[in-house]
Amino acid sequence: MSDFLSAQTRTETDSLGSVEIPSSAYWGVHTARAHENFPIARRPVSVYPDFIRAFACVKQAAARANLEIGALDEQRATLIDRACEEIKTGMLHDQFVVGVIQGGAGTSTNMNANEVITNRALELAGHAKGDYKFINPNDHTNHSQSTNDTYPTAIKIALAFSLGSLLDELGLLAESFAAKGREFSHIIKVGRTQMQDAVPMTLGQEFNAFAVTLREDIERLREAVSLLREVNMGATAIGTGINAPKGYKEAVIKHLREITQLELETAGDLVESTSDTGVFVTFSGALKRSALKLSKISNDLRLLSSGPQAGLGEINLPARQAGSSIMPGKVNPVIPEAVTQVAYSVAGADVTVSMAVEAGQLQLNAFEPVIAHSLFQSITWLERACQTLRVNCVDGITANEARLEDMVSRSVTVITALAPVIGYAEAAKLAKEALATNEKVSELVTSRGLLDQAQLDEILQPSKLAGLAPETDVIDVITDAAIPAPEKVEDGSGTQVTKKPAK
């Protein structure tokens with residue numbers, strides 16, 4: 001904010017009076033007043049570069065549409081267009097200085113954009129900043145527009161831009177879990193339900209499930225972003241299109257599609273679209289869903305790595321930093337902990353979005369700035385959380401194979417696989433006895449003559465316990481007769497089909 005301390009100034013005037021603006025600043029009087037009025041978040045809108053880029057797209061499309069319909073002359077339209085193009089590439093983002101939290105339904109951000117674009121356009125034309133007789137922020141850069149159609153449109157475009165990066169990181173994280181699933185596919189462990197021992201599975205199955213659930217969320221987020229395609233450009237103040245010339249609405253959406261490469265469309269009812277912000281509830285909900293799943297996965301990783309001696313200790317997370325200022329050698333699961341905190345923040349932001357959407361009155365929602373801030377922060381933090389979880393945690397996870405093997409060998413959970421053969425009641429008695437005596441289930445079964453060792457080994461194959469084996473003979477509980485598995489035969493074309501066994 002060094003511009004605010006500049007000794008050299010220019011004078012700009014609005015309906016409230018005159019304000020001294022630093023000569024080097026591209027923003028003007030409206031931005032200066034907003035900066036003074038909203039020293040709240042201490043975070044300028046430029047912390048969300050996709051939002052600035054989206055606003056430049058909106059203003060560029062408007063300039064091209066105004067030129068096409070003859071509402072703006074070619075010289076001014078071209079200069080505004082050039083300034084927008086530069087901002088799209090990252091130039092002048094530091095000039096977007098209004099706070100993310102602001103009153104006025106986003107007018108401060110819209111005017112910040114109008115002033116920066118105008119003063120850069122003036123500079124390109126060889127004019128001094130603030131020479132608004134030649135190009136004016138309101139009369140030219142904001143021509144045919146209102147904050148109430150440009151601001152929500154920019155939010156939707158920015159969300160679509162930002163979501164692409166989040167989806168990329170979610171995809172990479174899912175692949176990291178899938179890779180661990182393949183690496184751990186041979187390792188048998190005890191599964192758990194309600195924090196109690198359940199039945200055997202592989203560590204690979206556990207990690208692959210993490211990958212699958214993240215990929216499902218990628219699809220849900222893609223569905224949510226499709227809802228953002230409907231925009232209200234041309235609505236101006238409340239949806240009636242006042243001050244938007246004939247043909248502007250059709251022209252601006254055409255240019256906006258070309259500029260953004262997004263499948264945008266004009267809302268069918270601009271009055272409804274200008275007042276309704278329900279799409280942000282849906283989008284926020286999709287972000288929350290992903291965040292809570294990430295938190296669940298992170299908490300699972302913390303549990304599985306707990307110990308290293310007095311916990312589950314099934315996996316090892318990479319040691320990232322010393323875990324205690326008093327306990328030497330302690331290492332904590334700091335990466336999953338950080339991800340879980342991000343999830344809590346996203347869940348809280350979802351509540352904020354919900355309340356802000358509900359609070360809109362009559363023809364406009366004045367609380368879109370906090371909606372935008374909440375959504376952009378959630379996307380940004382989720383993207384970074386996915387990245388650090390992948391790079392600093394998942395990729396370096398190793399399995400404690402010896403401990404897992406010992407836990408399986410001593411577990412009574414294998415009794416579930418024997419229940420169809422020896423009966424549920426007998427299996428329950430054996431499980432209770434094994435827990436009381438610390439004997440292995442397999443030894444109790446053979447010592448009682450319930451099954452011989454060959455039968456036991458067949459049933460308790462690790463691959464069968466984890467449900468990985470192909471179709472094989474199954475022992476009928478009632479008759480103890482073997483039921484043959486379906487036979488695979490050639491159908492004459494080289495394709496194998498199932499032949500049902502004769503009754």
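**Entry 1: Arg448 and Glu433**

I started at arginine 448, which counts as partly exposed at 39% relative accessibility. The model is a predicted one, and I read the side chains with that in mind. I looked for a partner of arginine 448 and found a salt bridge to the side chain of glutamate 433, with N to O at 2.6 Å. Glutamate 433 belongs to helix 15 (residues 424-437), while arginine 448 sits in the loop between helix 16 (441-447) and helix 17 (453-459), so the pair ties together parts that are 15 residues apart in sequence. I also checked the accessibility of glutamate 433: its relative accessible area is 24%, which makes it partly exposed.

**Entry 2: Other salt bridges**

I searched the whole structure and noted 27 salt bridges. I picked out lysine 288 and aspartate 350, whose closest N and O atoms are 3.3 Å apart in a salt bridge. Lysine 288 is in helix 10 (residues 278-304) and aspartate 350 in helix 11 (residues 334-358), so this pair ties together parts that are 62 residues apart in sequence. Are the two residues buried or exposed? I have lysine 288 as partly exposed, with a relative accessible area of 29%. Aspartate 350 is at 8% relative accessibility and counts as buried, because buried means under 20%.

I then turned to lysine 129, whose side chain meets that of glutamate 123 in a salt bridge of 3.5 Å, N to O. I noted glutamate 123 as partly exposed, at 29% relative accessibility. Lysine 129 and glutamate 123 belong to a network of salt bridges that also links Glu86 and Arg120.

**Entry 3: Domains, and the contact of domain 2 with domain 3**

I wrote down the division of the protein chain: domain 1 covers 9-143, domain 2 covers 149-233 + 274-402, and domain 3 covers 411-466. I took the centres of domain 2 and domain 3 over C-alpha atoms and got a separation of 40 Å. On contacts, I have nine residues of domain 2 against seven residues of domain 3. The two domains bury about 580 Å² between them, and 69% of that is on carbon and sulfur atoms.

Which strands supply the domain 2 side? I found that strand 3 (188-193) and strand 4 (196-202) each give at least two residues to the side of domain 2 that touches domain 3. Strand 4 gives the most, with six residues. I sorted that side of domain 2 by class and got six nonpolar, two polar and one charged residues.

I looked for salt bridges across the interface of domain 2 and domain 3, and the rule finds zero. I also looked for residue pairs in polar contact between these domains, with both residues at pLDDT 80 or more, and the count is zero.

**Entry 4: Lys180**

I placed lysine 180 in helix 6 (residues 147-183). Lysine 180 counts as buried, at 7% relative accessibility. What does its side chain reach? I traced it to the backbone oxygen of isoleucine 397, at 2.8 Å. Setting aside neighbours within four places in sequence, I listed the contacts of lysine 180 as Phe207, Val394, Asp395, Gly396 and Ile397.

**Entry 5: Asp73**

I found aspartate 73 in the loop between helix 2 (49-68) and helix 3 (74-88). At 31% relative accessibility, aspartate 73 counts as partly exposed. A polar atom of the aspartate 73 side chain lies 3.2 Å from the backbone nitrogen of glutamine 75. I also have a polar contact of 2.7 Å between the side chains of aspartate 73 and arginine 76. For a distance across the chain, I took aspartate 73 and valine 225, 152 residues apart, and their C-alpha atoms are separated by 36 Å.

**Entry 6: Backbone geometry**

I checked the peptide bond from glycine 307 to proline 308: it is cis, with omega near 10°. Proline 308 is in the loop between helix 10 and strand 7 (315-316).

I noted a positive phi near 55° at glutamine 194, a residue other than glycine. Glutamine 194 lies in the loop between strand 3 and strand 4, and is exposed with a relative accessible area of 76%.

I noted leucine 362 as well, not a glycine, with a positive phi of about 55°. Leucine 362 is in the loop between helix 11 and helix 12 (368-392). It counts as exposed, at 73% relative accessibility.

Note on methods. Residues are numbered from 1 along each chain as its sequence is written. This is a predicted model: local features need pLDDT of at least 70, side-chain atom pairs count only at pLDDT 80 or more; totals for chains, interfaces and linings use all residues. Side-chain values use heavy atoms; hydrogens and water are left out. Domain bounds come from an automatic or database domain assignment. Contact means heavy atoms within 4.5 Å. Buried area is the accessible area (1.4 Å probe) that two parts lose on being put together, summed over both. A salt bridge is a side-chain nitrogen of Lys or Arg within 4 Å of a carboxyl oxygen of Asp or Glu. A polar contact is a pair of N or O atoms within 3.5 Å; within protein, one must be able to donate a hydrogen and the other to accept it, and residues adjacent in sequence count only if both atoms are side-chain atoms. Helices (H or I, at least four residues) and strands (E, at least two) are DSSP runs, numbered from the N terminus. Ala, Val, Leu, Ile, Met, Phe, Trp, Tyr, Cys and Pro count as nonpolar, Asp, Glu, Lys and Arg as charged, and the others, Gly among them, as polar. Buried means under 20% relative accessible area, exposed over 50%, partly exposed in between (1.4 Å probe, protein chains only).
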